[in-house]
Protein chains: 2
Amino acid sequence: MKRNLLLTPGPSKVPVELCEVLGKPIIHHRTPQFQQVLKEVTEGLKTIMGTSSDVYLLASSGTGAMEAAVANIASPGDKVITVEYGKFGERWASLAKAYKLNAVTLKIEWGRTITPDEVKAVLAQHSDAKAIFLTQCETSTSATPDLQAIAAVTRSTQTALVVDAVSALGTEPIKMDEWGVDVVCSGSHKGLMLPPGVGIVAVSAKAIAMMEASSNVRFYFDLRKSRKALADIDTPFTPAIGIVIALNESVKMLLAAGLEKKQEYYLKMAKAVWAAAEAIGLKVYAQPAFRSRGLTAILVPEALNPKKLVKIMRDTHGITMAGGQGDLDGKIIRIAHMGAVDEYDLLTGLSCIEKVLKEAGHKFELGASLAAAQKVLNS
Amino acid sequence: MKRNLLLTPGPSKVPVELCEVLGKPIIHHRTPQFQQVLKEVTEGLKTIMGTSSDVYLLASSGTGAMEAAVANIASPGDKVITVEYGKFGERWASLAKAYKLNAVTLKIEWGRTITPDEVKAVLAQHSDAKAIFLTQCETSTSATPDLQAIAAVTRSTQTALVVDAVSALGTEPIKMDEWGVDVVCSGSHKGLMLPPGVGIVAVSAKAIAMMEASSNVRFYFDLRKSRKALADIDTPFTPAIGIVIALNESVKMLLAAGLEKKQEYYLKMAKAVWAAAEAIGLKVYAQPAFRSRGLTAILVPEALNPKKLVKIMRDTHGITMAGGQGDLDGKIIRIAHMGAVDEYDLLTGLSCIEKVLKEAGHKFELGASLAAAQKVLNS
C-alpha cells in the first residue's frame, strides 16, 4: 500500500483527472473530432505562452523540441551562442555541434544563470550570431534567469532568442510576444502535468522567417512541414493522439485555475521549501536571485549520502524525488513543485525528507521543516 | 450512445485492458522499476521481431523510426534504393532526399509490391547500393511483399535490407535473424494495439556497423546513443513512459496468445473480408498474391462516394474506417484486422458497410457479406 507520488521535476505528478483521460479509448487523428482538439489545445498553449504566432506539437520528448529549434533556426556554419549553467544548457551545445553550427559556448557557474548584462556583453562581441540558446528553468540546478530582461536586450538585435522551457512552461511566467522571445521549446511532462511524449515548439514571425531560410538537414523535425500542416489544423505525421487529447484537458485545467494565480502558488510553494530546508539546517543550491518556481535543489551533506536517501524515499516510502546530475551527483536532492503538485504533496515530501534525514543521523528538530513550510504556505 | 470502434489501420483499436494500463499513474524513468519494464519490453519485442540483436525505443511516431533508419544506415551521397508501391514507400524516397543520399527510386504499380526477382534485378544494376528500403505492409494499398524471399536475395549482398514494418509488426510474420533483415522500423499504434507515440527500430549486426560508420547529421535519432543507453538498460532521452509501460503489457498479451496463432487469425480475418467484399459485388484492391493480413482496401464505385460513406460510418455510427490516400482518394475503403480487432469487430464493421452501401443505392443482398465472412471465420 505504498504511495506512488512523483515529486520529480519531470515526469511530474499526473493528476487523477488526467489519468482518466489517458485511460479512455482514443480517436483517429484524421477526423474533424481530433481537429477540434488540436485547435483548442493550440489556442490554449498560445495563451500559456503569450503568443499569437504558431505553436507546433511533435510526437517526441522535450529534446525533440529542442532539436527542432536548432535544426530550423540556423544553417551549417552559422554562428550561434549557447549558454550553459547546468546539464540542459549543455544539450544546446551538443545539438549545435551535431548540426555543424559555429557555436560560441558561454559557461556560467552552476547555481546561477546568465544576467541581462552578460547577454548584452556576449551579443556585443558576437553581433553576427543568428541565435542565442538558453534555459528558462535549468532543471539540474533549479536556477532560472530573468527572461523578460534578457528578451529586452535581444529583441532589438538580429539575434533570435531561443528558450528551453521544457520544465518552465506553465510554471514560470513567459510572454513571448510582449517580451520578444523567438522560440520556446517545451514538453508535456513537467508543468503540463502529463506523461512524456509530446514536444512543443512555439515560433515568432522572426523565427518563422529563419526556419524558412534554413538549409539544415531535417525531416521529422522540419517545422516548415508543421507550419503547413497547422494551417490545415493537422500535423505532418501521426501525433501522440492520447497525450494530445489529455494535453487539451490539462491546458484547460491550468487556464481555468488562472495561470497567474497558479504561478503565484508555485512561487509560494518554492518559498515554503526554501524556508523548510533552512529550518532543518540545509541550504538551497540555487542563488537567491535565480531560484525557480518549479523545483528546488537542496544541498545535502555528502556524508548523509543524498543518493541513498532518494532511493530509500522511493523504494521504501513510494515518494520519488530526484538526486543530482553531473557535478551535482551525490550532493543534492531535487523536489518539484510544478504542475499538479500541491501544498499537501509538498508537506508529504518534506516529512519524508525529515524521516530519512533523521535515520541517516542528521541533527535537526523533527517537524521543523513542516512548520516552516506551513507558515509560508498560509501567509 | 454511439460506438467508438477504430477499424482504421493505425491508430488501431486499443483493448480495454491496455486503456486501463494507460490510465494508471506513471513512474519515473530513471528508476530500477522502469528499467525492469524496459528490459522486459525489449526482450518481448525481440521475440516478436525474431532477433537477438538490439531493439531501440524512441519517443516518436513511426516516421521517426523510419528517419532513424535512414539517418543511421547511410551517409550523404551514398547510393540507396527506395521502392515505392504506395504512399509509405514514397516516404522512404522523401527521407533519402532530405538526408542528401543518392537515391535510386523504383516505382512499382500500386496494388502489388516488389517481387524477389525485381529485387535481384535492381541489385544487379546497383550492387553498390548501401541499402534497399521497402515497406512490409503498404498501408495505403494493403499490399505486402514476400519478405522472406526478398531477404534471401539481399542477405548475400552488401546491401542492407531496411523494412518499414510500422503497420506490419505483430501482424505479418517477420524473422529478422533467420531471414536476414537488417533494419525493422515500427510503432506502437498498429499491430501493437496502443496509441501512437513510441517508435521502434531493430538493427542487425550489419546495420550496427553501418550506423557506427554513418556521417549523417543526427542527434535525437542517433541510434549510437540508443545503443549506448540500451547497454545500461536506459534510453538516451526521456521515453514516452506511459506508452512504454503499456507496450510491455501489449507485447505480453500478444506472446501469451501465441504469435503464430494470432497471425493465422489475422489471415483468417483478412480472407473473411475478401470473401465478404466479393459477396456484395465489391473488389479487393490488392492483387491476390500480395494481400496483407492486417488490413484490406476495398474498391468502392466512385458513384457511391466512398469518402462520404466513411464519414457517415464514423459520424453517424461511431465506426471509423479509412478512405483512400493519394491516387486512391475517393476510391477505396480500408478496414483493419490487426492488433486487438477480432471477428466480432469485423462483423460489426461489415454490417455497417452494408448499411451505408444500401443507403447509397448499391445493389446487393443484405447480410451477404456477413454470411460470407462468417463462413470463412468458422471454417
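**Questions about a predicted two-chain model**

User: Why does the radius of gyration of chain A agree with a compact globule?
Analyst: Chain A has 379 residues, and a compact globule of that length would have a radius of gyration near 21 Å. Along the principal axes, the C-alpha atoms of chain A fill a box of roughly 60 × 55 × 35 Å.

User: What percentage of the residues of chain A count as buried?
Analyst: A residue counts as buried if 20 or more other C-beta atoms lie within 10 Å of its own. Of the 379 residues of chain A, the buried part is 58%.

User: Among contacts in chain A between residues at least 6 apart in sequence, what percentage join residues at least 24 apart?
Analyst: Here a contact needs C-beta atoms within 7 Å. Counting pairs at least 6 apart in sequence, the part that joins residues at least 24 apart is 73%.

User: Which element gives the most to the side of domain 1 of chain A that touches domain 2 of chain A?
Analyst: Chain A is divided into domain 1 (5-11 + 258-377) and domain 2 (16-256), and their C-alpha centres lie 27 Å apart. Their contact takes 26 residues from domain 1 and 28 residues from domain 2. On the domain 1 side, α11 (259-279) and β10 (295-299) of chain A give two or more residues. The most, 4 residues, comes from α11(A).

User: How do the residues on that side of domain 1 of chain A divide into nonpolar, polar and charged?
Analyst: This is the side that touches domain 2 of chain A. Its residues divide into 12 nonpolar, 9 polar and 5 charged.

User: Turning to the two chains, which element supplies the largest share of the side of chain B that touches chain A?
Analyst: The contact takes 44 residues from chain B and 44 residues from chain A. On the chain B side, α1 (16-22), α3 (62-73), α4 (87-98) and α10 (241-257) each supply at least two residues. That side divides into 22 nonpolar, 16 polar and 6 charged residues. The largest share, 4 residues, comes from α3(B).

User: Which residues have the most contacts inside the largest nonpolar core?
Analyst: Nonpolar side chains tend to be buried together in soluble globular proteins. Leaving aside neighbours within four places in sequence, Val183(B) is in contact with residues including Ala69(B), Ile73(B) and Val201(B). The largest nonpolar core has 271 residues, and those with the most contacts inside it are Val183(A), Val201(A), Val183(B) and Val201(B).

Note on methods: Residues are numbered from 1 along each chain as its sequence is written. Chains are lettered from A and ligands numbered from 1 in the order in which they are written. This is a predicted model: local features need pLDDT of at least 70, side-chain atom pairs count only at pLDDT 80 or more; totals for chains, interfaces and linings use all residues. Two residues are in contact if their C-beta atoms, placed from the backbone, lie within 7 Å. Ala, Val, Leu, Ile, Met, Phe, Trp, Tyr, Cys and Pro count as nonpolar, Asp, Glu, Lys and Arg as charged, and the others, Gly among them, as polar. A nonpolar core is a set of buried Ala, Val, Leu, Ile, Met, Phe, Trp, Tyr and Cys residues joined through C-beta atoms within 7 Å. A residue is buried if 20 or more other C-beta atoms lie within 10 Å of its own, exposed if 12 or fewer, and partly exposed in between; C-beta atoms are placed from the backbone. Domain bounds come from an automatic or database domain assignment. The radius of gyration is taken over C-alpha atoms; the globule rule is 2.2 Å times the number of residues to the power 0.38.
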